[in-house]
Amino acid sequence: MIASRDSAAAWFQQRLIRALDDSYDVRGHSPFAASEDSEPEPDVSVSRRAPGHSHPSEPLLLIEVSESSLRRDREIKARLYAETGVPEYWIVDLSSDELTVEVCTEPSSRGYRHIETLGPDRTLRPTQLRGVAIAIAEIPR
């Protein structure tokens with residue numbers, strides 16, 4: 001099962017690199033400077049390219065691909081990402097029979113105020129990345 005999680009994360013990374021221009025930085029499994037003492041490693045992060053910074057500190061989109069980490073991704077990581085103001089966070093759920101993606105937006109100090117679960121018949125359109133559209137049915141499992 002690890003291979004499908006890694007495959008899906010790599011697929012998202014490559015898909016976003018191809019969809020975005022050089023003003024964006026798309027990284028896989030790289031630390032995100034959430035605070036001075038916390039650097040989680042989301043499966044995929046997208047931020048504006050900023051010269052001189054080793055780790056993105058203001059991501060536009062973070063993606064976690066979940067098989068066995070769904071609870072941690074929904075509770076711990078979602079709260080941390082919302083508290084640091086990440087505008088959009090996706091949780092790709094590979095553990096259920098039907099592939100779904102939880103799209104979390106409207107961050108606050110108490111978590112994301114808006115969470116929508118999208119099924120395989122829907123298309124992901126990141127709020128901060130105009131022109132990017134990803135059909136959920138295309139995500140590898």
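**Exercises on a predicted model**

V132 is buried, with a relative accessible area of 5%. The structure is a predicted model, and the exercises below start from this residue.

**Exercise 1.** Determine where V132 lies and which residues it touches, not counting residues up to four places away in sequence.

*Solution.* V132 belongs to the loop between β7 and β8, the latter spanning 134-135.
Step 1: apply the cut-off for burial. Buried means under 20% relative accessible area, and V132, at 5%, is therefore buried.
Step 2: list the contacts. Once residues up to four places away are set aside, V132 touches L16, A19, L20, L124, R125 and P126.
Step 3: consider separation along the chain. V132 and R18 are 114 residues apart in sequence, while their C-alpha atoms are separated by 9.9 Å.

**Exercise 2.** Describe the place of F12 in the largest nonpolar core.

Step 1: identify the core. The largest nonpolar core has 27 residues, and F12, L16, L124 and I139 are those with the most contacts inside it.
Step 2: find the main contributor. α1 supplies the largest share of this core, 5 residues.
Step 3: list the contacts of F12. Apart from neighbours within four places in sequence, F12 is in contact with V44, I63, W90, V92, L124, I134 and I139.
Step 4: note what lies apart. Another core, of 10 residues, includes L70, A78, A82 and V86.

**Exercise 3.** State how the lining of the second largest pocket divides into nonpolar, polar and charged residues.

*Solution.* Step 1: give the volume. The second largest pocket holds about 160 Å³ of space.
Step 1: identify lining residues. Among them are W90 and L124.
Step 2: find the main contributor. β6 gives the largest share of the lining, 3 residues.
Step 3: divide by type. The lining consists of 4 nonpolar, 4 polar and 4 charged residues.

Key. Residues numbered from 1 in each chain as written. Predicted model: local features only at pLDDT ≥ 70, side-chain atom pairs only at ≥ 80, totals over all residues. Heavy atoms only, no water. 1 Å grid on protein atoms, 1.4 Å probe; cavity = no way out; pocket = protein on both sides within 12 Å on 5 of 7 lines; lining within 4 Å. Points joined across faces, edges and corners; volume = space filled by probe spheres on them. Helix = DSSP H or I, 4+ residues; strand = E, 2+ residues; numbered from the N terminus. Nonpolar A, V, L, I, M, F, W, Y, C, P; charged D, E, K, R; others polar. Buried < 20%, exposed > 50% of the residue type's maximum accessible area, 1.4 Å probe, protein only. Contact = heavy atoms within 4.5 Å. Core = buried A, V, L, I, M, F, W, Y, C linked by side-chain atoms within 4.5 Å.
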